[in-house]
Amino acid sequence: MDVIIRENYGQMSRYAAEIIAGYIRTKPNCVLGLATGRTPVGTYKELIRMHREEGLDFSEVRTFNLDEYLGLGMNLDKPYDLDQSYARFMHEELFKHINIKKENIHIPDGLAKEPKKYCAYYEEEIRKAGGIDLQLLGIGGDGHWGFNEPGSSLGSRTRVVALNEQTLNDNYNAFFKKAGFKRSEMPCFAITMGIGTILEARNIMMLASGGGKADIVAKCLEGPITAQVTSTAIHLHGGDVTVVLDEAAASKLIRYEHYKQVERLKSQYGL
Ligand code: PGA
């Protein structure tokens, strides 16, 4: 596992975007797992810049998003009807600015008539695409990946979940409040890829930014593996695992100096 620490959010975002761009240049039809939230917005902005200024080509790229609120869904023709959906978030923050094909975008459908069956279908779609090459991840205040709240099985698959109080509060404050929603109007169920699904991605990259994430990042990277902090499953992944943090998010890591030293040595020896 590589732990990369950058001075600030902008540098963290540029580093992450460069990794993603590397996948796209090497394999133009690569399958990217994408995430929503405040954290990846800077990475998406940088990818958009690369598309505009450097011709980064998304025309063959395929994407699968981690999660979606239940009751809100994917309709990229009418994204404004679905104000707080993750489908709209992705459309606004990334998809409408790049040359990705609509049929190559996959986001769990929060309006699915039979959500349970739909979850199995979503898993099948990932399999049919040949699996995910690189899964981008944030980390929730409660340590979640996607909406895999504390107590989710580390082997879990795509399924319907109930959101816990901390996630509801975090997402209300970050998104719904600004849009004029009452706290009681928050959707409290979601469809999420499971931890087992995420672990099947060939490689993963987790981002975290800001002092508010410092404690949970330390628990995730340096605490015991536990279903109470589902992102601790990071230690069970066998592919390339990259964690990109800004200084504030890295500030509670016990082995901070070690991570810096490893990065210096790897760059010195070209590893
Ligand atoms: P955030 O959310 O990027 O808005 O902090 C991360 C997450 O919940 O995974």
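Reader: What volume does the second largest pocket have?
Author: First, a heads-up: this is a predicted model, where local features need pLDDT of at least 70 and side-chain atom pairs count only at pLDDT 80 or more, while totals for chains, interfaces and linings use all residues. Residues are numbered from 1 along each chain as its sequence is written, and side-chain values use heavy atoms, with hydrogens and water left out. A pocket here is an open set of points on a 1 Å grid over the protein atoms alone, where a 1.4 Å probe fits and protein lies on both sides within 12 Å along at least five of seven lines. Counting the space filled by probe spheres on those points, the second largest pocket comes to about 240 Å³.

Reader: Which element gives the most residues to the lining of that second largest pocket?
Author: Lining residues have an atom within 4 Å of a pocket point, and there are 14 of them here, with Asp 2, Val 3, Ile 4, Val 262 and Lys 266 nearest the centre. Two elements give two or more residues each, β1 (2-6) and α9 (256-268); these names are DSSP runs, with helices (H or I) of at least four residues and strands (E) of at least two, numbered from the N terminus. The biggest giver, with 6 residues, is α9.

Reader: And what volume does the largest pocket have?
Author: Of its 23 lining residues, Thr 36, Gly 37, Gly 140, His 144 and Asn 171 are the closest to the centre. Helix α5 (residues 165-176) gives the most to this lining, with 4 residues. The volume is about 350 Å³.

Reader: Is Asn 173 buried, partly exposed or exposed?
Author: Start with where Asn 173 sits: in helix α5. Several other residues of α5 are buried (under 20% relative accessible area, with a 1.4 Å probe and protein chains only), among them Asn 171, Tyr 172 and Ala 174. Asn 173 has a relative accessible area of 45%, between that limit and the over 50% that counts as exposed. That makes Asn 173 partly exposed.

Reader: Which residue in β8 stands opposite Tyr 69?
Author: Look along β8 for bridge partners: Arg 159, for one, has Thr 192 as its partner there. Val 161 stands opposite Ala 190. Tyr 69 stands opposite a residue of β8 too, and that residue is Ala 190.

Reader: Which residue in β10 is the bridge partner of Val 3?
Author: Now we're in an open sheet of 7 strands, ordered β1-β10-β9-β6-β2-β3-β5, with parallel pairing. β1 and β5 (105-106) stand at its edges, each with a single partner strand. β1 pairs with β10 (residues 241-246) in the parallel sense over 5 bridges. In β10, the partner of Val 3 is Val 243.

Reader: How far apart in space are Asn 173 and Leu 72?
Author: In sequence, these two are 101 residues apart. In space, going C-alpha to C-alpha, the distance between Asn 173 and Leu 72 is 18 Å.

Definitions and conventions: Pairing = 2+ DSSP bridges.
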